[in-house]
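User: Please show me how to read a few features of a protein model.

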Amino acid sequence: MKTIAIVNLKGGVGKTTTAINMAAILAEKNKNVLLIDADSQYNLSMHMKAKTDGINLCDLISGDIDDEDALIQKTYLRNVDIVAGSIDLMDFDLSALRAGEVKETSIRDFCNNLKQNNTYDYVIIDCPPSFSASCAASIYAADDIIIPTTIGVYEYEGIRNIVKQINGMKTINSNLNIAGVLLTQYRKDDICLQGADLFNSNLPVRVFNTKIWRSNAVSESVFANEPCVSWSPTSWAAKTYRAFIDEYLGGDC
Ligand SMILES: Nc1ncnc2c1ncn2[C@@H]1O[C@H](COP(=O)(O)OP(=O)(O)O)[C@@H](O)[C@H]1O
Ligand SMILES: [Mg+2]
C-alpha cells in the first residue's frame, strides 16, 4: 500500500481534481483506493457524494474514535472508498497540534492499520490549502507527496517554500519522498511555455514531464459529479491524467 498526499498551500491549483482522477484511473486498473479528505472545504467529499455530517476525519485526528472502520464510506466508484472531511477541520490549526488536541501520527497510525489488513493498494489524501493540523498529519502519513501547481511566479515561489517545509518534516517521517511537481491547467501559450521552463530549470525537486492540460471537461465533470477521466475520456485533461499515472507509477502500477 502506498500513501500519497496531494499538497500545495495554494488553492485552485488542481489538488482535488488530481486526487479524484488519480483514484478513478487506479480503480479502472482494478486497484483498491481509499481517498482521505483533509480539507475543511470538503470538495472531495462533495464530489464523491460522501456524507460529511457523520463520522469523519475530525474524529480520527482528534483521537475521538473507537471503531476506525466507521470512518470509511463507499463511493459511487467501484474500488474507491473515502474518509470524508468536514467543516469542523477548520477548528484544528497548528496550535491544536501543539496543544496535543490533534495527534500528529493519527493518520499515519490509521494507514499502518490499513496496510496490515491489506485492503487498499493506494491511499490518496487531498490536503487543504493551508498548513493546518490535518495537513501536517497527512504529510506525516505520506510515503509520497505530489505537488500540483498552476504556472506562475507566485506559484513557483510557493513551491520553493513548501519543499523546504516538507523536507524539514523528514526528521519525523523518514519515508517521506517528494515524488514530484505536477503542472496543471496547462495550455500552449507563452506564459505556460516559459513558466514550465522556470519550474523545470530551478526547482530542487522532480517536475513530471507530463503536464495536465486545461479542459472545459474538468468543470463539466464537476457539475456532472463524475471524474473527468470517465466523464470525458477523450478530453486533454483525461488523456494527460492517464499519461501522468503512467509516468509516476509505471504501466502496471
Ligand atoms: N485541468 C483542468 N482544466 C480545467 N479546469 C481545471 C483543471 N483542473 C482543475 N480545474 C478547475 O480549477 C478549479 C480548482 O481545482 P481544484 O482541483 O478544486 O483545486 P484545489 O483542490 O487545489 O483547490 C476547479 O474549478 C476545477 O474544476
Ligand atoms: Mg481542493
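Predicted model: local features only at pLDDT ≥ 70, side-chain atom pairs only at ≥ 80, totals over all residues.

Analyst: Residues are numbered from 1 along each chain as its sequence is written, and chains are lettered from A and ligands numbered from 1 in the order in which they are written.

User: What is the strand order of the open sheet?

Analyst: Strands are DSSP E runs of at least two residues and helices H or I runs of at least four, numbered from the N terminus; two strands pair if DSSP finds at least two bridges between them. Here 7 strands with mixed pairing follow the order 3-4-2-5-1-6-7. Strand 3 (72–74) and strand 7 (177–183) each have a single partner strand, so one side of each lacks a neighbour in the sheet.

User: Is Tyr 42 buried or exposed?

Analyst: Buried means 20 or more other C-beta atoms within 10 Å of the residue's own, exposed 12 or fewer, and partly exposed in between, with C-beta atoms placed from the backbone. Tyr 42 is buried, with 24, whereas Asn 225 is exposed, with 12.

User: What is the phi of each?

Analyst: Most residues other than glycine have a negative phi. Tyr 42 has a positive phi of about 35°, and that of Asn 225 is near 60°.

User: Which residues come nearest to ligand 1?

Analyst: Near means a C-beta atom, placed from the backbone, within 6 Å. Of the 18 residues around ligand 1, Lys 15, Thr 16, Thr 17, Arg 214 and Val 218 come nearest.
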